Amino acid sequence: MIEADRSRWKIRDREIALGERTLVMGILNVTPDSFSDGGRHLDPDDAVEQAKRMVEDGADLIDVGGESTRPGSAPVAVEEELRRVIPVIERIMKSGKACVSVDTSKARVAEEALAAGAAIINDVSALTADPRMADVAARTGAGVVLMHLRGTPATMQSLATYDDVVAEVMAELRRRGQAAYIAGVLDEAIVYDPGIGFAKTYEHNLEIMRRLPEFRSLGRPVLVGPSRKAFVGRALGDLPVAERLEGTAAAVALAVAGGAAIVRVHDVKAMVRVIRVADAITRTRPR
Ligand code: HH2
């Protein structure tokens, strides 16, 4: 059991304390094809309601995504991604004080999302898919989630070969962090994510979850996204997405015990409860 590093996350004009308690990033996919909530929030009214519900249920961040990244998913044109996410972010910002991240690998989508009030770029390609993305991150001072991925959602599963998955994922993330730093992104703006399910086999995902404490040697806080993913279903004898709540809870609790600073989840109300208990056990210091 390991405590998350206490640290500050610089996101535009704000700083968020990390490590005192685990932060919850609620997932809001405004896509027709996301692997678990695709098609559920296509109407902006529904999406904004869902965002409000997640904030009421204890989400610290709302992660708005307009392009599915599940294995084999089809890429989305920039205009379509903008059409999906921008009105939703604008309305979330008007409706309250939620802190929004945009789940995108496209610089133009990130730019417009930040102009609409988002504060964080959550880029599953770790700023590699779009040559302008690092510049957008540096110029705006946005918080940045650098997630590990190899290839693209179309090719990633064929690239899941590692001698030591944790050492190689960390080395690749470290290089991405250095590239971001050279492009002008502040170190304090960066959070790392091992990319559960992205260019990883079932065994790789389990090993990363088991060895999560090693990721603290990256020197910045870690975000983990195990929610409803295939490895959870597989550990339970191939349970479908709709039946992965308890398995997700196990992964989330162990992520907290493994020192994650932020957990990205679909089922905010249930996972906030899981996290509060896990936090009480792991983050309370003896007097
Ligand atoms: N997982 C997904 C998407 N974005 N971002 C980060 N930082 N970490 C993750 O693990 C992660 C992510 C995939 O999950 P989901 O958004 O539910 O599905 P889809 O990509 O099909 O929209």
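The largest cavity is lined by Glu 3, Ala 4, Asp 5, Leu 212, Phe 215, Arg 216, Arg 220, Pro 221, Val 222, Gly 258, Gly 259 and Ala 261. The structure is a predicted model.

**The cavity**

- The structure contains one cavity of 30 Å³ or more.
- The volume of the largest cavity is about 80 Å³.
- Sorted by class, its lining consists of six nonpolar, two polar and four charged residues.
- Glu 3, Asp 5, Arg 216 and Arg 220 are among the lining residues, and they belong to the charged class because Asp, Glu, Lys and Arg count as charged.

**The largest pocket**

- The largest pocket holds about 560 Å³ of space.
- Its lining comprises 32 residues, and those closest to the centre of the pocket are Phe 35, Arg 70, Ile 196, Phe 198 and Lys 229.
- Strand 3 (23-29), helix 6 (202-210) and helix 7 each contribute at least two residues to this lining.
- Helix 7 contributes the most, namely three residues.
- By class, 11 of the lining residues are nonpolar, 12 are polar and nine are charged.

**The second largest pocket**

- The second largest pocket has a volume of about 430 Å³.
- A total of 26 residues line this pocket, and Ser 125, Leu 149, Gly 151, Thr 152 and Pro 153 lie nearest its centre.
- Helix 5 (residues 165-182) provides the largest share of the lining, with four residues.
- The lining is made up of 10 nonpolar, 10 polar and six charged residues.

**The ligand**

- The ligand is surrounded by 18 residues, the closest of which are Ser 34, Ser 68, Thr 69, Asp 193 and Lys 229.
- Lys 229 is one of the residues closest to the ligand, and Lys 229 is also listed among those closest to the centre of the largest pocket.
- Thr 69 places a polar side-chain atom 2.7 Å from an oxygen atom of the ligand.
- His 266 has a polar side-chain atom 2.8 Å from an oxygen atom of the ligand.
- In the side chain of Asp 193, an N or O atom is 2.6 Å from a nitrogen atom of the ligand.

**Phe 231**

- Phe 231 is located in helix 7 (residues 230-235), the helix that gives the most residues to the lining of the largest pocket.
- Beyond its neighbours within four places in sequence, Phe 231 is in contact with Ile 196, Tyr 202, Asn 205, Leu 206, Met 209, Pro 226 and Ala 251.
- Phe 231 and Gly 247 are 16 residues apart along the chain, and their C-alpha atoms are separated by 9.3 Å.

**His 41**

- His 41 occupies the loop between strand 3 and helix 1 (44-56).
- Apart from its neighbours within four places in sequence, His 41 makes contact with Leu 28, Asn 29, Val 30, Asp 46, Ala 47 and Gln 50.

Technical notes. Residues are numbered from 1 along each chain as its sequence is written. This is a predicted model: local features need pLDDT of at least 70, side-chain atom pairs count only at pLDDT 80 or more; totals for chains, interfaces and linings use all residues. Side-chain values use heavy atoms; hydrogens and water are left out. Contact means heavy atoms within 4.5 Å. On a 1 Å grid over the protein atoms alone, a cavity is a set of points where a 1.4 Å probe fits but cannot get out, and a pocket is an open set with protein on both sides within 12 Å along at least five of seven lines; lining residues have an atom within 4 Å of a point. Grid points are joined across faces, edges and corners, and a volume is the space filled by probe spheres set on the points. A residue is near a molecule or strand if one of its heavy atoms lies within 4 Å of it. A polar contact is a pair of N or O atoms within 3.5 Å; within protein, one must be able to donate a hydrogen and the other to accept it, and residues adjacent in sequence count only if both atoms are side-chain atoms.
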